[in-house]
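Biologist: I would like a close look at a single part of this model. Please keep the answer plain and connected.

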Amino acid sequence: MNASAASTIRTLTQLRDSGLVDAAAAQNLAAVTERYALSITPEVAAIIQTQGSDSAVGRQYIPHADEVITAPEETADPIGDKTHSPVKGIVHRYADRALLMPTQICAVYCRFCFRREAVGPEHAGLSDADLQTALDYIRRTPKIWEVIITGGDPLILSARRLQTILSALDEIPHVATIRIHSRVPIAAPEHIDDALLNVLRTAHKPINIAVHCNHADELTANAVHALRKLRQSGVMLFGQTVLLAGVNDDAGILETLFRGLVAAGVKPYYLHQLDRAPGTERFVVPIARGQEIVKALRGKVSGLAQPTYILDIPGGAGKVPIGPSYLSGHDGALVVEDPNGLTHLL
Ligand code: SF4
């Protein structure tokens, strides 16, 4: 690897100097990096250096000239965060759970991110006053049973800031459990340090971390070690994966990923249909193809390694499972299809 790739790549010049794109390609990317944040950590750059820029990992993080093209069905807020935001930093779509978004910064910026118009260093996180207002909303809303800390990436916050948030949530009686969504254990595992682990270990309420990982090549030895430390600190680990063309739209690739996650102590939780954010057309996998892939895994792979295939309905109507159906009607009776494709009358 080039010496310049040993630190996080944040500019087009650094990207070119790292050798991950050549000079001609870098020139075509200026409009993209003006619009969308760029960050490739040394952990991720090392994988791309080995696998290639057009590999499953490279495609997730290296900007592409097509990102400035917006397809008709793509929108800046594909799942309607804004329409469900009662105060800054809160999204409250379902009665029993609310998102708390203390930062818009991420360790890496994924080229398919559904919040790509809202994340990046130029988007401010919550000020102390805004954070208190957001926490007050949770305090005065007794139906909120679960708080999902997301962003941006909450595990990029200092241990002290995270402690402030978790301590405040610990004091709210109706909040039973806390979830954190993060790419950090995979993309920047060095952030999972003693200070952070101590904060997680001393929280009173159960902490669940949903780890975003899309390909087994992202499960490096450092990432697996970070996941082990998180597990040992008492948190529950869940996996979330986005189904992405050219990255993981293949049953064998997903089987390897899901088995790898389970072996690392992470229960695959959701396989997401791509949310149509601007400039993400090249990652689209048709739902019918997604169902085929999910069907191919059924019966072949342990249930522990099978996430729910899920669609966040565009506009903010909520999430629904969209996996294949095994039941059908037949002359007033039910017919069920088994994992081998044979049908049985119920
Ligand atoms: S880490 Fe998550 S929030 Fe950040 S760019 Fe990637 S998908 Fe988006």
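What is the area buried between domain 1 and domain 2, and what percentage of that area do carbon and sulfur atoms give?

Modeller: This is a predicted model, and what follows should be read that way. The protein chain is divided into two parts, with domain 1 covering residues 3-68 and domain 2 covering residues 82-330. In the contact, 22 residues come from domain 1 and 31 residues from domain 2. The C-alpha centres of the two domains lie 24 Å apart. Interface size is often stated as the accessible area that is lost when the parts come together. Between domain 1 and domain 2 the buried area is about 2100 Å², and carbon and sulfur atoms give 50% of it. On the domain 1 side, E43, R59 and Q60 lose the most area to domain 2; together these residues make up 31% of what that side buries.

Charged side chains also meet here. Four salt bridges are found across the interface of domain 1 and domain 2. A salt bridge joins the side chains of R111 and E67, with 3.0 Å from N to O.

The ligand can be described next. The ligand sits in the largest pocket, surrounded by C106, V108, Y109, C110, C113, R183 and H212. By class, this shell has five nonpolar residues, one polar and one charged.

How values were computed:
Residues numbered from 1 in each chain as written. Predicted model: local features only at pLDDT ≥ 70, side-chain atom pairs only at ≥ 80, totals over all residues. Heavy atoms only, no water. Near = heavy atom within 4 Å. 1 Å grid on protein atoms, 1.4 Å probe; cavity = no way out; pocket = protein on both sides within 12 Å on 5 of 7 lines; lining within 4 Å. Sits in = over half its atoms within 2 Å of the grid points. Nonpolar A, V, L, I, M, F, W, Y, C, P; charged D, E, K, R; others polar. Domains from an automatic or database assignment. Contact = heavy atoms within 4.5 Å. Buried area = accessible area lost by both parts, 1.4 Å probe.
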